[in-house]
Amino acid sequence: MRDNFEIRDQDALGRIGELEVPRAGVTVETPALLPVVNPHVRTVEPARMQSEFGADILITNSYIFYGSDDYREAALDRGLHDVLDFDGAIMTDSGSFQLAEYGEIDVTTPEILRFQHDVGSDIGTPVDIPTPPDAPREQAEDELATTQERLEVAEGVDVGEMLVNAPVQGSTYPNLREEAGRHAEATQLDVFPVGAVVPLMNDYRYAEMVDVVAGAKRGLGAAAPVHLFGAGHPMMFALAVAMGCDLFDSAAYALYARDDRYLTVRGTEQLDDLDYFPCSCPVCAAHTPAELRGFDDRDREELLAEHNLHVTFREIRTVKQALRSGNLLELVETRARAHPAMLDGYRALVGHADQLEREDSTSKGAFFYLSGESARRPEVVRHQNRLERLALSPGDEVLLSEGGASDRYDESWRVVAPFGPFPRDLSETYPLTAEVPERMDAEGYRSAAEGVDRLVAANPEVEFTLAHHDWPESALAAVPERVDVADLSE
Ligand SMILES: [Zn+2]
C-alpha cells in the first residue's frame, strides 16, 4: 500500500480510493476529474468549478507560468492558489506537452520541479518524454530510458510535501509500458500518469488504449494511483475506470466548446446538428440549441463549456455509483454500445480477463448478462477456473442439466449459460444468481459448453450426461465426445 493512496471499493480493476494531498490539506476521492485551467483562457472560473461543479482538484501547466514574465512573477509572489482563486488541490504539468508539440523546451527537471514547488503546486511533474503512439520501438525505448533517468533525478529534488508524478511512457508497446510501470512504481514518487495516450483517444483507438493501460497496470501493481493523462471525454470514463485508472483531466470541456462541440456520454455532437439538448444541466434546461446558436461567440463558448463540464462530472459520479453498486462492467457494456470503437475497447478489456480476474471483487450485487462480451467477464473466467479444480468421486455418474435434478444419477448439477455447470446448492451465490436473457446468444452457450469441457477434463473417471435446451451446434461442438448429450426440448 502506498502511504498517500487508500483503496476503499473495487469492481473489475476499478476502485474508489482516497488520494491524500498533504500540501493542499485535501483528500481527493477517486475516480476524480481534474479540469485543465489555462491561465490565458479561463473559460470557467476555477472558484466556480469548486462551488458549482464539485471539483476538488484541478490541473494547470506550470510551464505557461514559468515561461511568461507576468504570470511567473504573480505565481511566485502570490502562489497558484491565489492567482487561480482555487483552494482545492492543484496539480501542475511540466511542459512535456509543449515538448511533444514544439520539439524542445527550455527547462530541466530540477528547475521545473523547484519552480512548481515555489509557486505552491500540490502535485508536480518532471519533464518526461511523451513518446507518441506508433513510434519505432527503438525510439520508444530510448525516450523511455530518458524519462526513467528524469524520474530518478526527480526523486533527489527536495520539494517538501509536494507530491510528484512519475509518468509511465512506452508508446504503443504494452511490454514497454509494463516495464515503465514497474520502474516508476519502484521510485519514491507518488502518482502515476499513463502518458501520451491522447492521440489514441482522439483517433478512437480505444482497444489499443486498453492494451497500453493494461500493460502499465501490470507493472504498477494494484496499489498505485493511476492518472490517464489527457483523457477528458466522458464517453470513455467507465472503460478507463474499469481498467484501473483513478484520475482524469479534461481540457476537452473548453477546447470542444470553442469549436461548438457538445459532449455526451455517447460521443460528441456539433451544436449546429442539435434540435434538442439530451441533458438537463442548468445550461441545457434553460436554453434550446437554437437559442444557444444565437448567442455571441464568447457567451456561447462559456455556456457550452459549462454543459461539457456538467456532463463530465456527472459521468464521473455515475461511474462511481456503478462501482459502489458492483455493476461497473454493466455500465461499461452499456457505454460500449454507443460506438463501434468503444465496443472494441470493451472487447479488449475482457480480453484481459485473467488480469481482471485477479483483482475483481468476488461478490457483487447482481450480474446482468447483456451481450456476448458478458460471457468473457472475470466472474465467468473465475467460475470456469474453479471447475478445473473440482474433483468428483471416481466412478460416479453425474447429470449436468439445464432442467431439473434426477435421482437416477449419483450427482445432479445445474447448467446455466454462460457459466456452465455448478452444484445446485451454489444456485443462490454470486455470480450464479446472474440475470440472463431467455434468448441466450451463441457466445453464452459456447461459454457454458467450455465450462462443461473443463469439468469433464478434470474428472476423467466420471461419467457425464449433459441435458440442454436446444443449444446451437457451435456450443455442442465444444462438449467433449465422451459426454452423453440429451436435448430437453425434443
Ligand atoms: Zn447540459
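What follows is a short chat about the annotated positions and the nonpolar cores of a predicted model.

Me: What should I keep in mind about numbering and confidence?
Reply: Residues are numbered from 1 along each chain as its sequence is written. The model is predicted, so local features need pLDDT of at least 70 and side-chain atom pairs count only at pLDDT 80 or more, whereas totals for chains, interfaces and linings use all residues.

Me: Which residues does the UniProt "binding site" annotation cover?
Reply: The unreviewed UniProt entry places it on Asp128 and Ala196, though such annotations may be inferred rather than shown by experiment. They are spread over 69 residues of sequence, yet they cluster in space, with a largest C-alpha distance of 10.4 Å.

Me: Is aspartate 128 buried or exposed?
Reply: Aspartate 128 counts as buried because it has 30 C-beta neighbours inside 10 Å, the cut-off for buried being 20 or more other C-beta atoms within 10 Å, with exposed at 12 or fewer, partly exposed in between, and C-beta atoms placed from the backbone.

Me: And what does alanine 196 touch?
Reply: Not counting residues up to four places away in sequence, alanine 196 touches Pro130, Thr131, Pro132, Gln169 and Ser171, where contact means C-beta atoms, placed from the backbone, within 7 Å.

Me: Switching topic, which residues touch the most other members in the largest nonpolar core?
Reply: Val197, Leu239 and Ala242 do, in a core of 109 residues; a nonpolar core is a set of buried Ala, Val, Leu, Ile, Met, Phe, Trp, Tyr and Cys residues joined through C-beta atoms within 7 Å. Apart from it lies another core of 24 residues, including Leu399 and Trp471.

Terms used. Contact = placed C-beta atoms within 7 Å.
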